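Here is a friendly walk through the model on your screen. Have the sequence and the 3D view open side by side as you read.

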Amino acid sequence: MNKLLLLFFTIYGVGLVHAQDQYITRQGEVTFFSYTSVENIQATNNQVASILYPSSNKIGVQILMRAFTFEKSLMYEHFNESYIESDLYPKATFQGVIVDFDPTQEGTQTRIIKGDFKLRGITKPVEFKAMIVKSDNIYSISGALDVSIKDYEIKVPPILSPNIAKNVQVSFKFQYAPNDNQK
Amino acid sequence: MIIGIACVIGGVYYIFNAKGVDTRKAKTEISITTNELFENFNNDKEASYAKYIEKAFEIKGTLYKVTRKGEKYSLLLRGKQIENRLVLCEMEVDQGPIVETLKIGDEVKVKGILKGFLMDAILLNCIILEEVNE
């Protein structure tokens with residue numbers, strides 16, 4: 001079994017299963033939106049790693065915070081240095097399960113994903129709806145969730161408070177291929 | 001006086017609207033191959049290369065895969081190792097015409113800004129420095 005994947009799931013506790021049951025993406029997309037009357041801020045990360053275990057419905061995600069790209073470099077600096085503190089907390093992670101997932105079903109199914117989202121070293125339970133499409137042994141999973149900046153103790157200076165939404169919308173798109181194809 | 005005010009306004013405007021790093025102008029902090037990168041990984045790979053994060057990083061490796069999202073290509077480079085370790089380079093938009101000339105298996109040297117490590121080493125704002133077809 002691939003040592004890196006073994007390490008990934010040893011660390012994140014998603015569990016170990018046979019290699020043929022692993023579906024991975026190393027270029028998942030996560031975008032966040034902060035909408036306020038003063039300013040809209042959007043950033044996208046196209047280098048998100050994730051592993052899906054269809055037989056056990058388990059899913060694990062790793063997001064490198066410095067890989068978000070912004071329209072303006074000052075937004076990037078504020079995000080990494082002041083809000084996320086990426087030097088201390090370089091990654092966000094999610095581990096969870098897809099409720100009532102049928103991995104054999106071709107086409108589209110809408111399911112709830114439940115799990116723990118860890119950001120800035122703080123872990124909170126989250127639950128959100130996702131659309132799952134299976135076609136030609138590829139799973140595509142997309143959805144969105146709201147993240148409260150208060151839950152993760154993200155400190156915004158009072159002068160910038162009107163510029164940052166209290167709840168940030170996070171959307172994601174992952175396309176998983178069997179791990180054998182990734183070698 | 002007016003010129004001074006104009007300079008201050010211009011400076012503030014520049015700071016608030018700057019688009020980000022220019023990889024071509026960034027000073028290269030380290031230039032290595034994918035083999036050297038992965039050989040030098042210890043158990044705490046992040047610590048091994050932490051000092052290079054957000055710095056210009058040149059890496060030479062074998063082109064394993066090319067992906068495209070919108071206008072941006074990404075190059076996945078690998079070394080000789082059997083393990084599934086790659087260097088993932090998200091290219092600048094203007095690199096498209098060069099990327100389109102590459103073939104899987106080419107030796108490619110890329111310069112980008114190191115952002116950190118997940119399963120792979122991740123570089124953004126990459127440009128191709130040289131291509132050696134072998």
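## Starting in chain A

T25(A) stands opposite S50(A) in β2(A). That pair belongs to strand β1 (residues 23-35) of chain A and strand β2 (residues 40-53) of chain A, which run antiparallel and are joined by 10 bridges. Strands here are DSSP runs of E with at least two residues, helices are runs of H or I with at least four, and both are numbered from the N terminus. Two strands count as paired if DSSP finds at least two bridges between them. β1(A) and β2(A) form a hairpin, with 4 residues between them.

β1(A) also pairs with strand β9 (residues 167-178) of chain A, in the antiparallel sense and over 7 bridges. In that pairing, E29(A) stands opposite K173(A).

## How to read the model

This is a predicted model, in which local features need pLDDT of at least 70 and side-chain atom pairs count only at pLDDT 80 or more, while totals for chains, interfaces and linings use all residues. Residues are numbered from 1 along each chain as its sequence is written, and chains are lettered from A and ligands numbered from 1 in the order in which they are written.

K114(A) is placed opposite E127(A) in β7(A). The hairpin of these two strands has 2 residues between them, and R120(A) takes a positive phi near 55° there.

β7(A) is joined by 6 bridges to strand β8 (residues 138-148) of chain A, again antiparallel. Here V133(A) stands opposite S140(A) in β8(A). This hairpin has 2 residues between its strands, and D136(A) in the turn has a positive phi of about 50°.

Overall, chain A has 2 helices and 9 strands. Of its 183 residues, 34% count as buried, that is, with 20 or more other C-beta atoms within 10 Å of their own; 12 or fewer makes a residue exposed, anything in between partly exposed, and C-beta atoms are placed from the backbone.

Chain B holds 4 helices and 6 strands, in the order α-β-α-α-β-β-β-α-β-β. Buried residues make up 33% of its 134 residues.

Which residues touch the most other members of the largest nonpolar core? They are L75(B), L77(B), V87(B), C89(B) and L123(B), in a core of 63 residues. Such a core is a set of buried Ala, Val, Leu, Ile, Met, Phe, Trp, Tyr and Cys residues joined through C-beta atoms within 7 Å. Beyond its neighbours within four places in sequence, L123(B) is in contact with residues including F57(B), V87(B), C89(B) and I113(B), contact meaning that backbone-placed C-beta atoms lie within 7 Å.

Is K103(B) buried or exposed? K103(B) counts as exposed because it has 10 C-beta neighbours inside 10 Å. K103(B) sits in the loop between α4 (96-99) and β5 (107-117) of chain B.

## Confidence

The predictor gives the complex an ipTM of 0.84 and a pTM of 0.85. Chain B has a mean pLDDT of 83, with 75% of its residues at 70 or more; pLDDT is the predictor's confidence in each residue, from 0 to 100. Among the elements of chain B, strand β4 (residues 86-91) has the highest mean pLDDT (96) and helix α1 (residues 2-17) the lowest (54). Where pLDDT is low, the predicted coordinates should not be read in detail.

Note on methods
Two residues are in contact if their C-beta atoms, placed from the backbone, lie within 7 Å.
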